[in-house]
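Please look at the sequence and the model shown below.

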Amino acid sequence: MLSASATYENVVRNGASSICQINKASFSGSSKDDNDVAKALYQRQRSRLGEFEQIKGNMRCPYCGVNHANQLDHYLPKADYQYLSVTPLNLIPCCQRCNGVKRATAFTAQQAETVLFNPYIEDFDDERWLTVSIAETPTEKGKLPAFIFSVTAVKPSGWSKEKFERLRHSFSTLKISEQYSELWVDDCNSWSTSFCELWDKYRDKKNPARKILKRKYKYCDDYGNKNYYQKWALKAALKSDWFCYESMPKWLGISQ
Ligand SMILES: [Zn+2]
């Protein structure tokens with residue numbers, strides 16, 4: 001297991017094209033007994049992962065960049081790569097949701113472009129790539145219009161094509177768009193009462209919606225994340241005349 005661990009570390013550091021050529025047989029036992037030993041070691045070490053409790057709640061999930069990390073993901077699944085079940089570089093602290101979504105997706109990368117990014121050795125937040133658009137469809141009273149979160153169509157200039165493809169693949173595999181949409185609806189619901197109060201305060205101003213959104217944007221903490229969904233959603237809302245003049249008052253139930 002030690003040599004499998006060392007080999008894996010080299011493979012990971014060599015990049016995505018090495019990861020997709022990984023030979024499963026080198027990272028699992030040749031008999032059921034071998035794999036049972038690996039499983040027992042994992043179970044024993046797992047109970048020691050109590051130290052992980054200390055970072056719980058303080059660290060954000062590197063996959064979504066939003067939720068708190070409260071689980072450990074096996075980057076290469078322990079069911080197929082038993083010898084990597086306790087390899088530190090294969091254990092990624094992440095949130096329950098991303099872990100669940102990822103677990104449901106088999107690791108079948110055949111080419112570098114479909115290798116999920118590995119947060120230990122790669123930074124996919126060194127450039128901005130998140131875009132947000134608003135579906136300008138007639139808004140019903142009390143309803144927020146759909147905000148659509150996606151990866152920019154234009155590759156960041158300092159990135160290779162492979163890195164950009166891998167981001168797009170990771171974004172869709174981890175269902176990040178759906179997650180940001182759900183989080184955004186929750187955010188807006190939790191803000192609506194204070195937005196209504198502020199609307200009353202700014203009622204006589206030229207554009208109360210923009211004043212409220214600007215204020216929210218100003219105090220929005222992005223945790224140093226260049227692709228923080230809340231900031232870009234607020235920016236998209238601020239830029240849209242349609243949202244500010246038509247949709248937002250309807251959503252908040254403001255009579256004008
Ligand atoms: Zn996550």
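Which residues are buried in helix H5 (residues 96–103)? They are Arg97, Cys98, Asn99 and Lys102. A residue is buried if 20 or more other C-beta atoms lie within 10 Å of its own, exposed if 12 or fewer, and partly exposed in between, with C-beta atoms placed from the backbone. Helices (H or I, at least four residues) and strands (E, at least two) are DSSP runs, numbered from the N terminus.

This is a predicted model, in which local features need pLDDT of at least 70 and side-chain atom pairs count only at pLDDT 80 or more, while totals for chains, interfaces and linings use all residues. Residues are numbered from 1 along each chain as its sequence is written.

The buried residues of H5 pack against strand S1 (71–74), strand S2 (91–94) and H7. One of the buried residues of H5 is Cys98. Apart from neighbours within four places in sequence, Cys98 has contacts with Cys61, Tyr63, Cys64 and Leu174. Two residues are in contact if their C-beta atoms, placed from the backbone, lie within 7 Å.

Cys98 also belongs to the largest nonpolar core, which has 46 residues. A nonpolar core is a set of buried Ala, Val, Leu, Ile, Met, Phe, Trp, Tyr and Cys residues joined through C-beta atoms within 7 Å. The residues with the most contacts inside this core are Cys61, Cys64, Cys94, Cys98, Tyr229 and Ala233. At least three core residues come from each of domain 1 (2–114) and domain 2 (130–158 + 175–252). These domain bounds come from an automatic or database domain assignment. In soluble globular proteins, nonpolar side chains tend to be buried together.

**Helix pairs**

Axes are lines fitted to C-alpha atoms, for helices over the stretch in contact, and angles run from 0 to 180 degrees between N-to-C directions.

| Pair | Angle | Distance between axes |
|---|---|---|
| H7 and H9 (residues 229–239) | about 70 degrees | 11 Å |
| H7 and H8 (residues 208–218) | about 130 degrees | 9 Å |

Tyr180, Leu183, Trp184 and Asp187 of H7 make the contact with Tyr229, Gln230 and Ala233 of H9. Against H8, the residues of H7 are Trp191, Phe195, Leu198, Trp199 and Tyr202, and they meet Pro208, Lys211, Ile212 and Lys216.

Gln230 lies in helix H9 and counts as buried because 20 C-beta neighbours lie inside 10 Å. Not counting residues up to four places away in sequence, Gln230 touches Asp187 and Cys220. The C-alpha atoms of Gln230 and Cys188 are separated by 10.0 Å, although the two residues are 42 residues apart along the chain.

**The whole chain**

The protein chain has 10 helices and 4 strands. Its C-alpha atoms fill a box of roughly 75 × 40 × 30 Å, taken along the principal axes. Of its 256 residues, 27% count as buried.

Over C-alpha atoms, the centres of domain 1 and domain 2 are 36 Å apart. The contact between them takes 6 residues from domain 1 and 9 residues from domain 2.
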